[in-house]
Amino acid sequence: MSKDLNVSTGSEVVEIRPSRTEVIVKYRKEGKIREAASEKIISSIPLPDLVGILHDPPEEVVKAAGSLVYNSLVCVNIGVKRPGIIDKHWLYFPEEEFIFNRMSFPMNFSEHTTPGGRSSILVEVTHREAGVDPERIRDRVVEDLKKTGIITERDEIEVCDTSAFKYAYVIYDLDHRKNVGVIHDYLDGNGIIPVGRFGEWEYFNMDKAILSGRNAASSVSGA
Ligand SMILES: Cc1cc2nc3c(=O)[nH]c(=O)nc-3n(C[C@H](O)[C@H](O)[C@H](O)COP(=O)(O)OP(=O)(O)OC[C@H]3O[C@@H](n4cnc5c(N)ncnc54)[C@H](O)[C@@H]3O)c2cc1C
């Protein structure tokens with residue numbers, strides 16, 4: 001990255017105000033509100049949050065953003081004091097009886113992910129509720145893992161922590177294209193280029209997310 005570039009890390013964008021000539025971005029850094037202005041901006045902020053911090057967006061844009069459908073996620077990261085609990089890399093669980101939909105086993109991807117003599121499990125629980133209790137999900141995950149036989153009552157769980165993600169999976173409902181189109185048209189007309197999985201609001205993996213950022217950078221630099 002160019003040493004002349006002014007990169008501001010640890011900054012939360014709190015308001016975006018498009019005007020006829022530039023886009024003004026207000027951001028919070030170290031407790032202080034600062035401002036930057038540019039002819040165009042590139043944003044990886046998830047569309048519902050982006051519209052939420054726009055200054056005075058049109059009603060139809062607010063409505064479209066409020067109608068976007070997505071799944072949230074709680075990950076439960078588990079360390080078990082027993083090596084080789086399973087030889088699989090990942091498993092899907094479509095059955096209603098289990099709270100999780102997928103899990104993977106980092107120790108089978110690389111021995112460097114897990115201390116010797118231990119096994120690791122990354123359990124994914126998708127949901128669409130606001131305010132779920134990760135602790136409750138964690139307890140239910142351990143219970144259901146025992147039901148599958150992957151761990152047993154005798155296993156010692158040394159690590160069991162949770163991480164919650166509000167935006168995890170874009171859902172393609174019947175109005176996906178229409179709603180995303182309304183938001184993108186407004187952003188496009190106001191100097192804001194949305195990028196990435198939740199800016200483009202598409203089911204991107206990392207390769208597409210990176211390409212999306214690269215395309216946006218090329219479009220503003222003219223490269
Ligand atoms: C459970 C799960 C498993 C996955 N597995 C794979 C996989 O195996 N392989 C693969 O290729 N992809 C995988 N993906 C997809 C991959 O994680 C995404 O495609 C990728 O992370 C999207 O990158 P992004 O930069 O678009 O978005 P993000 O990584 O979400 O980045 C958005 C950025 O915007 C920042 N931001 C948001 N709001 C603000 C604000 N107000 N101010 C400042 N900054 C803000 C956030 O902090 C964040 O850094 C998986 C996704 C999930 C949910």
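The lining of the second largest pocket divides into seven nonpolar, one polar and three charged residues. Here Ala, Val, Leu, Ile, Met, Phe, Trp, Tyr, Cys and Pro count as nonpolar, Asp, Glu, Lys and Arg as charged, and the others, Gly among them, as polar. This is a predicted model, where local features need pLDDT of at least 70, side-chain atom pairs count only at pLDDT 80 or more, and totals for chains, interfaces and linings use all residues. Residues are numbered from 1 along each chain as its sequence is written, and side-chain values use heavy atoms, with hydrogens and water left out.

A pocket is an open set of points on a 1 Å grid over the protein atoms alone, where a 1.4 Å probe fits, with protein on both sides within 12 Å along at least five of seven lines; lining residues have an atom within 4 Å of a point. The second largest pocket holds about 320 Å³ of space, the volume being what is filled by probe spheres set on the points, which are joined across faces, edges and corners. Its lining includes Arg102, Glu124 and Arg197. Domain 1 (11-68 + 179-221) and domain 2 (72-170) both contribute lining residues, so this pocket lies between them; the bounds come from an automatic or database domain assignment.

The largest pocket has about 940 Å³ of space. Among its 24 lining residues, Asn6, Val7, Ser8, Ile41 and Ile42 are the closest to its centre. By class, that lining has 16 nonpolar, seven polar and one charged residues.
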